[in-house]
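Take a moment with the sequence and the fold before reading on. The paragraphs below go from one local feature to the next.

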Amino acid sequence: MKIKVLGASGSDLPKHNLSSFLLDGTILFDAGGVTSCLSFKAQQRIEHIFITHAHLDHIRDIPFVADNIILSGKLKQINIFSIREVIEDIKSHLLNYKLWPDFTVIPNTQESILKLNIIEEEKTIAVNGYEITAYRMNHTVPSVGYLVEAKGKRFFYTGDTSSAPDTWKKLAEKKLDALIVEISFPDSMKEIALKTGHLTAQLFFEDLKLFNYFPKRIYITHVKPFYKSQIKKDLKNVGQKVKILNGGEVIRI
Ligand SMILES: [Zn+2]
Ligand SMILES: [Zn+2]
């Protein structure tokens, strides 16, 4: 598995791209910052997009990816996957002919550029040789994280979440090769983190105790750049080795 981190920032600033992780060039997890950092040619290779939740910093580039497919002249269909609430919000609020053309019916309903697919929580689907399962996370809006497995290797990507003990208990027996987890706020802002459905280092490491197998590698995403140095210190205090993603890295599993 080769995961290219297109963006892993919790805020949109120059050189800080929003959440987007590209697996083996064809499967995208979240689409916050795609078109500004992925070549036109590479965009044409995207086949599936798994969305964690409908917040704008995770879906913003869906319309622009679709627009670029039309411009390429080589019509193809991209599958968008998520749970029912997320798919409904994307359809109602983003692809509604008001904010942007509805690429789920362009150029026609059978051969549309985007196809919306509802998946059920904890029901594994097979895509391009991967087994992908959505698990409910704990955010201010309906939100899932994704367990991705292939050939005995597996990683989990949380999307946005606060403390989520129920989900971690379900994953406790999984031996994760990598965990990509959000930490948006420093420990000093724990109350705000809880209120806005995010994690601090301390909150996360409390949750991590629920795993029976410690993930081999832990990558931190969705850090707000203003708090990066504080979060770095918090992570040191907890004493675990983790890596804060900046965007641009390649994770090989
Ligand atoms: Zn969010
Ligand atoms: Zn977010």
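Is Tyr97 buried or exposed? Tyr97 is exposed because 9 other C-beta atoms lie within 10 Å, where a residue is called buried with 20 or more other C-beta atoms within 10 Å of its own, exposed with 12 or fewer, and partly exposed in between, the C-beta atoms being placed from the backbone. This is a predicted model, in which local features need pLDDT of at least 70 and side-chain atom pairs count only at pLDDT 80 or more, while totals for chains, interfaces and linings use all residues. Residues are numbered from 1 along each chain as its sequence is written, and chains are lettered from A and ligands numbered from 1 in the order in which they are written.

Tyr97 sits in the loop between H4 and E6, and its phi is near 70 degrees, a positive value in a residue other than glycine. Helices (H or I, at least four residues) and strands (E, at least two) are DSSP runs, numbered from the N terminus. Pro107 also belongs to the loop that runs between helix H4 (84-93) and strand E6 (114-118), and the peptide bond leading from Ile106 to Pro107 is cis, with omega near 0 degrees.

Glu122 counts as partly exposed because it has 13 C-beta neighbours inside 10 Å.

Arg136, finally, lies in strand E8 (residues 130-136), and it is partly exposed, with 17 other C-beta atoms within 10 Å. From C-alpha to C-alpha, Arg136 and Lys151 are 24 Å apart in space, and they are 15 residues apart in sequence.
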